[in-house]
Amino acid sequence: MEETTVIASSSIDGGIGSWDLKTGNEQLRFKQCASPAHGLTAVGEKFIAASQLRNASASSGSIFFWSWNKPQVEVKSFPVESITALVANSEGSYIVGGGASGDIFLWEVASGKLLKKWHGHYRSVTCLVFSGDDSFLVSGSQDGSVRVWSLIRLFDDYQRQQQGSTLYEHKFDEHTRSVTDIVIDCGGCNALIVSASEDKTCKVWSLSKGKLLRNIIFPSEINALALDPGGSVFYAGGGDSKIYIGALNSSSDYTTQFLGSASGPSKAITCLAYCADGNLLISGSEDGVICVWDPRSRQPVRTFTFGHGKGPVNNIQVVRKTIVGSNSNKAQSSWKRNVSSLPPPLEKYERRGDDTMDGIVIVDPRPFADVPVYSSFLSADLINEQIKELQQQGSAATEIEMERLKLQYRKSIQMNDQWQKNYENLLHVVMEEKLNGGSS
């Protein structure tokens, strides 16, 4: 059984609100959170994480973790700088933060290790999103730029040095003001990327071609985006309180259709999210109103008020949680028992040395790197060491990674057996040739 939950946060210390999307009932209120826009993320089904607005007296940033069943902050991390955007991959095994300096940080959740830090933009990172298969990361910035990062390329220093290639996969610099939001569809390597900006445009980009496909002009600056799962339209939340409907393949450069307005004319739409289960659009606005829309009828279904309307809603996310059992109380208690143990705090600095890449597939050059089987082969011994280390950590956040490593371990053993058989067969052929040559 699955439960669909809406979580929302604000730039004031109103905590994190959570509601059952189907009933509208408020669930747990998570305390002590004042996050920037795009600073809230669900870490798989395991935890909630949020970056915190920087205190003027603080010397570093802060990221807080909550368990789903407890209102108090349970893990506090203090990155080297203020984290202005935060996102986790779909499984919740990695979390990425964008800094006020333009630097981007990638952590492994289970170990807290900072696996990679790189300079992505000239100004603050405003938004981050993973592609549907988690193979690409897309970032937007106050400098108006959008960058696409291949996670494989990020860690493949050898190939980059050989080819003289840049760290990013694509760079898009057509926006003239700050990028406010980015969404990407589920088209794999042929996905479409939509970016919004304070310059009153949304731009549609091709991931495979790395070029601009469409430029759509709006009557207002656009603060938030959401994609319709049908793949033909997207929704854009404007600073004029309207939610506009943009067509991905229209020939017109101007958008005049709008879904509706959830707030007064002076209250901007600040965030959007789409729930495919039930085809519902959720909007948040400056006056703390969260509205659930039926896009077909263009009518609101229900509304929530965040923090009694005392501050803006700047983050909304739809989370689907798996609940075991049929009875609601038993299901809830069963789900609580299966909540993952909390991760360690995220490390402030990137490690140097052999243990830096424990959680990442090794891409350094191997012997015979030009032979395909060697270029992607990870030794069974190394995989086994990684599995043992994950088992010692004892965190349920490592379960998915362990299963993947165990499967790769079995494949490595099978490959080793196959190489052994090939070697024995080759040795047998050589010996026969020698014997036959000697007898003649």
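Predicted model: local features only at pLDDT ≥ 70, side-chain atom pairs only at ≥ 80, totals over all residues.
**Ground rules.** I number residues from 1 along each chain as its sequence is written. Local features need pLDDT of at least 70 and side-chain atom pairs count only at pLDDT 80 or more, while totals for chains, interfaces and linings use all residues, and side-chain values use heavy atoms, with hydrogens and water left out.

**Lining.** I counted 48 lining residues, each with an atom within 4 Å of a point. Val129, Phe130, Tyr274, Gln317 and Val318 lie nearest the pocket's centre. By type, 29 are nonpolar, 12 polar and seven charged; Asp, Glu, Lys and Arg count as charged, and Gly as polar.

**Strands at the pocket.** I then asked which strand (a DSSP run of E, at least two residues) gives the largest share of the lining. It is β27, with seven residues. Strands supplying at least two lining residues include β3 (40-43), β11 (125-130) and β27 (313-322).

**Sheet.** Next I followed an open antiparallel sheet of four strands, in the order β11-β12-β13-β14. β11 and β14 (170-172) are its edges, each pairing on one side only; pairing takes at least two DSSP bridges. β13 (residues 146-150) and β14 share three bridges, and valine 148 has histidine 170 of β14 as its bridge partner.

Terms used. 1 Å grid on protein atoms, 1.4 Å probe; cavity = no way out; pocket = protein on both sides within 12 Å on 5 of 7 lines; lining within 4 Å.
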